[in-house]
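The following account leads the reader through a structure, from single residues to the contact between chains. Please keep the sequence and the coordinates in view while reading.

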Amino acid sequence: MTEQLFNALSLGFTYSLISLGYSMVYGIINLINFAHGEFFMLGAYAGVISLIIGIPWYISFFISIIVGAFVSTFVEVIGYRPLREKNSGRLTALITAISFSLFFQNFIFLFPGADLIGLGNRNPMHGAVITVGDFKIPLIKFFIFVVTIFLLILLILIVYRTKIGKAMRAVAFSKDISSLMGINPNFVISFTFALGGGLAGAAGFLEALDKNQVYNFMGVIPGLKAFIAAVVGGIGSISGAVAGGILIGFLETISVVIGLSFIKDVISFVLLILILILKPSGLFLKTQREKV
Amino acid sequence: MIFFENILVNIGIMIILATSLNLIVGITGILSLGHYAFFGIGAYSSILLTFYLHSMQIINYIPSFVLFFLVIIFGGIIAGFFSYIISYPVLKLKGDYLAVATLGFNEIFKSLMENIDFFGGAKGYSLYTKLGNTEPYFKTNLIWVYIFVVLTIFIIVRIMKSNYGRVLLAIRDDEIASESVGINIAKYKTLSFVIGSVMAGFAGVLFVMYDRFYATPKDFSFLEGISVLLMVVFGGLGSITGSVIGAITLTLILQLIKIIPFLSRHQILFYSFLLILMMILKPQGLFGRLDTTQNFINKIFKKIDRKEI
């Protein structure tokens, strides 16, 4: 039971880390960044490859974060910014996002044998277990727990206690007015992408350590579910994204425990449709404001 | 010769899929990413119906072209039925949420087909093995495919010209404004969604009854469907001519890259790269909203209308 609880929590926290990026990006430019799941995947690849080369795990972790942030910013600058400046509508931006996602997934195939990399005994936490009283918790689940809380605190400090965080909130409120106040919206948007991509990269590293392998489609389903988590929690709010992620983690673990594992992937889509019909602003968002 | 016929049939099916998706995405403005699910529903239902027709021995009494009509209409009706059911929850959503929900529907379809033994599971449903290695009594040919291509283009162009089509364009351009003029948005969106899906169902029947006679869940995944979206975007959202030309060029390009070994292994990579380039350089597509097919067909009709008067 305790094991399942930790399973659900670690799964939920992984989703939360990804969904934060979705939520922040959507909050600032109203775009579902479908390629976000791929930043997660590329972060995981970067971490695993550096672990296999022999770089210690704490440095590999930073490499994951940096790769996630870098790719995210790259996509923003190359893909989304020109579209924003041309004012070409949501449809084209969404299609660009999907094509970036497909591009990164299939990019891995260019390197033969890279579509599935196992970590084996290079994994620093493979098989390690913490015993607390009668309970045995895998070390990696505990690690996910601690790291996610640390990253969340860091994120909240950045968003609410720094100047750039203030600028992010201002741009999310109104891009035009904040540019009148001397904020460079493009820089702030790129920074938001970097922040979200970094969190996704971190989540990818944690997932790779947990599953002990990486593969090129690993970002698709977690990416979609994290988006659903962001919508369920109320898109644009940090605590909502975390709560939505944990909710989906619990729902999935429960569906596996009661023996309905084939609905695992379907249940979150059903949840999405239900939430959008019943409470479109999300479960945890207090104020409802419509941007026109 | 058979090689060229295959390519022509492929092009025809892609034209049906692209123009019907254009009706949904480009003309009505519903960003549906689940179009391939209806394609798959048409394919699966036609295969199942054919199998039961065979096993009931009805086939000996009825001429084959009647049976063909029966199967293709059945495929269209089943696809339309499911799209009507899906449209109820999905069309309540807007923009990006709708896209994700339709994508989810496509994934749900795929995972149901993979998990239910009645539909053959992940291996797929094959008529050949079910019928004991005998070929079905009827199959699609080039002429049938192109009859349906012409029919699809004709119907969509006439829809665009009609009162109903202008309502759809109004909904695409501004939902709130058209609602305030008194248009029942939900009704028109559902109609357009169902018509497009029925056409995708026809395409599915034509696709699977040509020379395959089997369907696997993998054939109808979202990833396969991205090529149709690419055709629509390539030609220009909202332009029927664009969709037709997009379908022709991209199917030919696809055939071409199948010959080159490096590109054939990385088809989707190539596709997505093309799509990104297209979006960044020319977001409105090859033709934008320009439409020569529509003008051409409507010109013919104008002449006929005048004669009647």
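**A guided reading of the model**

Asn30(A) is found in the loop that joins α1 to α2 (36–53) of chain A. The model is a predicted one, and in it Asn30(A) adopts a positive phi of about 55° although it is not a glycine. With a relative accessible area of 29%, Asn30(A) is partly exposed.

Phe213(B) has a phi near 60°, a positive value in a residue other than glycine. Phe213(B) is placed in the loop between α9 (185–208) and β2 (214–215) of chain B. Its relative accessibility is 1%, so Phe213(B) counts as buried.

A helix of chain A may be considered next. Helix α10 of chain A covers residues 238–257, 20 residues in total. From its first C-alpha to its last, helix α10(A) reaches 29 Å, which is close to the 28 Å expected at 1.5 Å a residue. Just after α10(A), Gly259(A) takes a positive phi of about 90°.

The buried residues of α10(A) include the glycines Gly240(A), Gly244(A), Gly245(A) and Gly249(A). Also among them are Ile238(A), Ala241(A), Val242(A), Ile246(A) and Ile248(A), together with Glu252(A), Thr253(A) and Ser255(A). What covers these buried residues of α10(A) includes α1 (2–29), α5 (139–161), α9 (220–233) and α11 (264–278) of chain A.

Which residue forms a salt bridge with Glu252(A)? The partner is Lys225(A), and the closest N and O atoms of the pair are 2.9 Å apart. Because Glu252(A) belongs to helix α10 of chain A and Lys225(A) to helix α9 of chain A, the pair ties together parts that are 27 residues apart in sequence. Are the two partners buried or exposed? Glu252(A) has a relative accessibility of 2% and therefore counts as buried. Lys225(A) is likewise buried, with a relative accessible area of 4%.

The search of the whole structure finds eight salt bridges over all chains. One of these joins Glu76(A) to Arg81(A), with the closest N and O atoms 3.5 Å apart. Glu76(A) is buried, its relative accessible area being 0%. In chain B, the side chains of Asp219(B) and Arg212(B) meet in a salt bridge at 2.4 Å, N to O. Asp219(B), at 21% relative accessibility, counts as partly exposed, whereas Arg212(B), at 18%, counts as buried; the cut-off for a buried residue is under 20%. Returning to chain A, salt bridges that share partners join Glu76(A), Arg81(A) and Arg84(A) into one network.

Ser46(B) belongs to helix α2 (residues 35–55) of that chain, and its relative accessible area is 0%, so Ser46(B) is buried. Leaving aside residues up to four places away in sequence, Ser46(B) touches Val71(B), Val205(B), Val208(B) and Met209(B).

The last topic is the contact between the chains. This contact takes 38 residues from chain A and 34 residues from chain B. The area buried between chain A and chain B is about 3300 Å², and carbon and sulfur atoms give 84% of this area. In chain A, Leu91(A), Ile95(A) and Leu102(A) lose the most area to chain B, together 16% of what that side buries.

How many salt bridges are there between chain A and chain B? The count is zero, and two residue pairs are in polar contact between chain A and chain B, both at pLDDT 80 or more. On the side of chain A that touches chain B, the elements that give two or more residues are α3 (57–86), α4 (89–107), α9 and α11 of chain A. Of the elements on that side, α4(A) gives the most, with 14 residues. By class, the side of chain A that touches chain B holds 28 nonpolar, eight polar and two charged residues.

Technical notes:
Residues are numbered from 1 along each chain as its sequence is written. Chains are lettered from A and ligands numbered from 1 in the order in which they are written. This is a predicted model: local features need pLDDT of at least 70, side-chain atom pairs count only at pLDDT 80 or more; totals for chains, interfaces and linings use all residues. Side-chain values use heavy atoms; hydrogens and water are left out. Helices (H or I, at least four residues) and strands (E, at least two) are DSSP runs, numbered from the N terminus. The expected span of a helix is 1.5 Å times one less than its number of residues. Buried means under 20% relative accessible area, exposed over 50%, partly exposed in between (1.4 Å probe, protein chains only). Contact means heavy atoms within 4.5 Å. Buried area is the accessible area (1.4 Å probe) that two parts lose on being put together, summed over both. A salt bridge is a side-chain nitrogen of Lys or Arg within 4 Å of a carboxyl oxygen of Asp or Glu. A polar contact is a pair of N or O atoms within 3.5 Å; within protein, one must be able to donate a hydrogen and the other to accept it, and residues adjacent in sequence count only if both atoms are side-chain atoms. Ala, Val, Leu, Ile, Met, Phe, Trp, Tyr, Cys and Pro count as nonpolar, Asp, Glu, Lys and Arg as charged, and the others, Gly among them, as polar.
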